[in-house]
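The following exercises are meant to be worked through with the sequence and the model side by side. Try each task before reading its solution.

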Amino acid sequence: MAATPTGVPPANVSGKQLTDALLATLGQRATTYGGGHAIAWAVQAITLMSAGAAGASKEALGVSSSVLGGLAAALGKEFIGEHMKTKPSLGATIKLPGDTFLQREGPRVMAGFNDMWTAIAGGMSGVALSAKLTPAMTEAFKAKGMPEPMAQATAMMVTAAAQRAVSAGFDTVSDLTSTVMKSKLPGATGGTAVNDKVDYATMKAGMAARMMINWGLTLPVGIPVGLGKTLADANPFAKAAASSAPAWAGLNVWINTKMNLAPMFKKDEPAAVTPSTLEMGPMGNRS
């Protein structure tokens, strides 16, 4: 096999190996994201019904649902994701050595880029769903005799289920795309990577990194927008873009923060992955 100009062997991934890795990524991440978003929706439903019964405003319903649902989704994805990495039937992956800067940082940058465009697409699709479904359903529930706050809350709860399904789909597409891109990097080979136990250190690092992004970047911007304190006259798409932009921009920060926090949590714990396997970031068959 001829080396690239940098002396690194070119990618050597067969069609079958890539297919196996894509199927494993699909199984892992569809379960992870589907489960994470299902947990988030349940939290949103409880929040919306409770706040609606208390007569909360539309803005308060939206913000409380978004904040608590986002928190639940973040924790749920990390919890389920690390458990999925122990499943031998979903162990096919694309491996990369860590000899060069491109091999170490390339997958993280690709993952961040793919996360960003799919998050934007999913977010804007969610706004479109909300703009169409929520008002119509609110009126339908009011026509059945529901008080307006409860009608609004119930409509938002139903809409949230559709939004979460769309988000889970876009999240999974992001990881499938990253797997394909990773297979093209110099030195890539097909293989397997199955953790021999749940990697709680990486799980905690991922949760901590998500919270740093959410509480440090997203919520200080998103809450004032959601409550109408800023951009009160903007359209829903502009509001969604403004409130979510810090999270989208922070995706690479999260990926690299997670990778750097994990060793701090591991301390003297034995590694959960075989030493020869280099996992790549927080998405699709990656740590």
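Helices are DSSP runs of H or I with at least four residues, and strands are runs of E with at least two, numbered from the N terminus. The model is a predicted one, in which local features need pLDDT of at least 70 and side-chain atom pairs count only at pLDDT 80 or more, while totals for chains, interfaces and linings use all residues. Residues are numbered from 1 along each chain as its sequence is written, and side-chain values use heavy atoms, with hydrogens and water left out.

**Exercise 1. A residue in H7**

Locate Thr257 and determine whether it is buried or exposed.

Solution. Begin with the secondary structure: Thr257 belongs to helix H7, which covers residues 251-266. Next, apply the accessibility classes, in which buried means under 20% relative accessible area, exposed means over 50%, and partly exposed lies in between (1.4 Å probe, protein chains only). Thr257 has a relative accessible area of 19% and is therefore buried. Finally, look at its side chain, which reaches the backbone oxygen of Val253 at 2.6 Å; a polar contact is a pair of N or O atoms within 3.5 Å, where within protein one must be able to donate a hydrogen and the other to accept it, and residues adjacent in sequence count only if both atoms are side-chain atoms.

**Exercise 2. The course of H5**

Compare the end-to-end distance of H5 with that of a straight helix, and find where the kink lies.

Solution. Helix H5 (residues 200-226) has 27 residues. Just after H5, Gly228 takes a positive phi of about 80°.

**Exercise 3. Salt bridges and their surroundings**

Examine the pairs Asp20 with Lys16, Lys85 with Glu82 and Lys142 with Glu139, and state how accessible the partners are.

Solution. The structure holds nine salt bridges, each being a side-chain nitrogen of Lys or Arg within 4 Å of a carboxyl oxygen of Asp or Glu. Asp20 and Lys16 have their closest N and O atoms 2.8 Å apart, and both lie in helix H1 (residues 15-53), four residues apart, about one turn of the helix. Of this pair, Asp20 is partly exposed at 30%, while Lys16 is exposed at 59%.

For Lys85 and Glu82 the closest N and O atoms are 3.0 Å apart; Lys85 is buried at 8%, and Glu82 is buried at 2%.

Lys142 and Glu139 meet at 3.6 Å, N to O, within helix H3 and three residues apart, again about one turn. Lys142, at 30%, is partly exposed, as is Glu139 at 48%. To finish, note that Glu78, Arg210 and Lys258 are linked in a network of salt bridges.

Terms used: The expected span of a helix is 1.5 Å times one less than its number of residues. The bend at a residue is the angle between axes fitted to the seven residues ending there and the seven starting there.
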